[in-house]
Amino acid sequence: MKRVLPFVLLLAFGTPSWGQAIDSQGAKQLSDDLSRYIGKKALDSGILKISTDGDAYRIAFDFNALIRANRNNDPLTFNLAPFAMLVKPRSDGSWSVSSDLASNAFVDLQGPQGVRFSVSGSAFSGIYDPGLTAFTSGAGSMAGMQVTSRDPKEPMDLSIGAGTSTLNASKSAGGGVDFAMTQTIADFVETAIVDEGGTGLKVPVTMKSPRVSAEITGNGVRTKAFLDLLGFAIANQDEASLKANQAELKSLLTSALPLWERLEESYRFEGLTFATAVGDFRLSDLSATTSIGGISSHGKIDYSITAAGLTVPQQLLPSWSAALLPTDLELNIGGDNIDLDTMAKKAIEAFDLNKDPPLSDEFGDALVADFMANNPKIVLEHSIAKNGNVEVAVEGKMTFPGMKPEATMTVHVAGYDKIVESLQTAAKTEPEAAQYFPFALAVKGFGKELPDGRLEWVVNAKADGSVTVNGAMLKPADAVQDNPIMDPSDVTVPDHGSGENDNGGAGAKLKP
């Protein structure tokens, strides 16, 4: 219940009747509409209260009632009385929604892992379209937030300053909803006390950024289908009802596919600093993006991380290595040809809640085999690491023919001679550099010089275990195991009694 309520109130408003009066009858109708998705218990017990407030309806949470309905041994303290939403019907069938979510609120959880969460000056306003089951527009703000955890092993303090957010959505051409959300916060500071390797040594680490931004976008998100599934879950909370209505569940799950066409989230930390006992690690910019396709026969997942302006405490590095340390990194990795559509549809069709387990182990094994037979790939897109003198670029892919990995990777290096020269110079005074210098020469020997002066290494690792670099065999194929399963009739046991073939009590021998 504690997790469901906030989600439902953003998605479950019914379509208001234009011209309807804001009165007790309208409040009752809104209560009935919401009860399908939150259950009547939340209304009957007073957790959720709907009343008239001028020309709008007021939806308020009573967290004391929530505690009473979900009693446990955790002593909780709330100060969330200001939390309420005002919803007002509009002439186009949508709702105006506004809320001072928490002018100054906190939640305390006492005990061995004491946690306090507090937020101040938080507000939101937007337009909600029941036909889309989404906000077509919205904006939020907050003055600040703090989270304090007193976990005995790894306590943590997090604080952020003022923040703003926006969101919008529209009907997707292919069905569902296209949406975009943005958020920007200032003065991000997180301090954690890390238990170093279980030794009992407590190491403080502080992460700081003056500005953090995030963006989440979605295409073809099946918001209505998600809400229908939630309504089904509320209506079928007991096991007997769930089993009796599993045909409806299967239909709802199928209708929800592909869940979405594409979801993408990205985060950016500017001027990032990690302050540690050994010094500060710094990045002028750190960005990460994850993109996930929906349930399809040719699904795709992409992940990228970009870091610029990397510096590390000099005392942590050998003096000769500073010139070789990358200052800028870009990693792009993902998966391709991922057939989740076939798996999902077969699983939905086959599961039976009247059986334990609902899907047999044999079915699961066959599903995995079918998935692998579609030849999914792990893909390393063009990725680089560079500093002022050297740039290393890598790309490749891995497949799994016969359930064994097979990979191809291409490495390009510009400025490789700078690496060799740096190691050669350092080797005169630094024993560690002297150890790496022959290795650097050997690697160069495998390389192919390109017209632009870069060196190239094409590495092929076959499913048979062989590895080649630019066509030269680096490792031969694994030995083929003959007679992996031995027939007992092919073994003779020496007759120690006669002494023949005794050989001092040696073990069994194979027949010729």
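**Salt bridges and their setting**

A: The side chains of Asp53 and Arg58 form a salt bridge, at 3.7 Å from N to O, where the term requires a side-chain nitrogen of Lys or Arg within 4 Å of a carboxyl oxygen of Asp or Glu. The model is predicted, so local features need pLDDT of at least 70 and side-chain atom pairs count only at pLDDT 80 or more, whereas totals for chains, interfaces and linings use all residues. Residues are numbered from 1 along each chain as its sequence is written, and side-chain values use heavy atoms, with hydrogens and water left out.

Asp53 is partly exposed, with a relative accessible area of 33%, and Arg58 is partly exposed too, at 31%; buried means under 20%, exposed over 50%, and partly exposed in between, for a 1.4 Å probe and protein chains only. A further salt bridge joins Asp55 and Lys88, at 2.7 Å from N to O, and this pair links distant parts of the chain, since Asp55 sits in the loop between E1 and E2 and Lys88 in strand E4, 33 residues apart. Helices (H or I, at least four residues) and strands (E, at least two) are DSSP runs, numbered from the N terminus. Asp55 counts as partly exposed at 45% relative accessibility, as does Lys88 at 34%.

Because they are four residues apart in H8, Lys345 and Asp341 are separated by about one helical turn. Lys345 is partly exposed, with a relative accessible area of 43%, while Asp341 is buried, at 16%. Elsewhere, salt bridges that share partners join Arg211, Arg268, Glu270 and Asp285 into one network, and the structure holds 19 salt bridges.

H8 (residues 340-350) packs with helix H7 (residues 246-256) at an angle of about 170°, with their axes 9 Å apart; axes are lines fitted to C-alpha atoms, for helices over the stretch in contact, and angles run from 0 to 180 degrees between N-to-C directions. H7 and H8 are therefore roughly antiparallel to each other, a label for angles over 145 degrees, as against under 35 for roughly parallel, 65 to 115 for roughly perpendicular and oblique for the rest. Their contact (heavy atoms within 4.5 Å) is made by Lys250, Leu253 and Thr254 of H7 and Ile348, Glu349 and Ala350 of H8.
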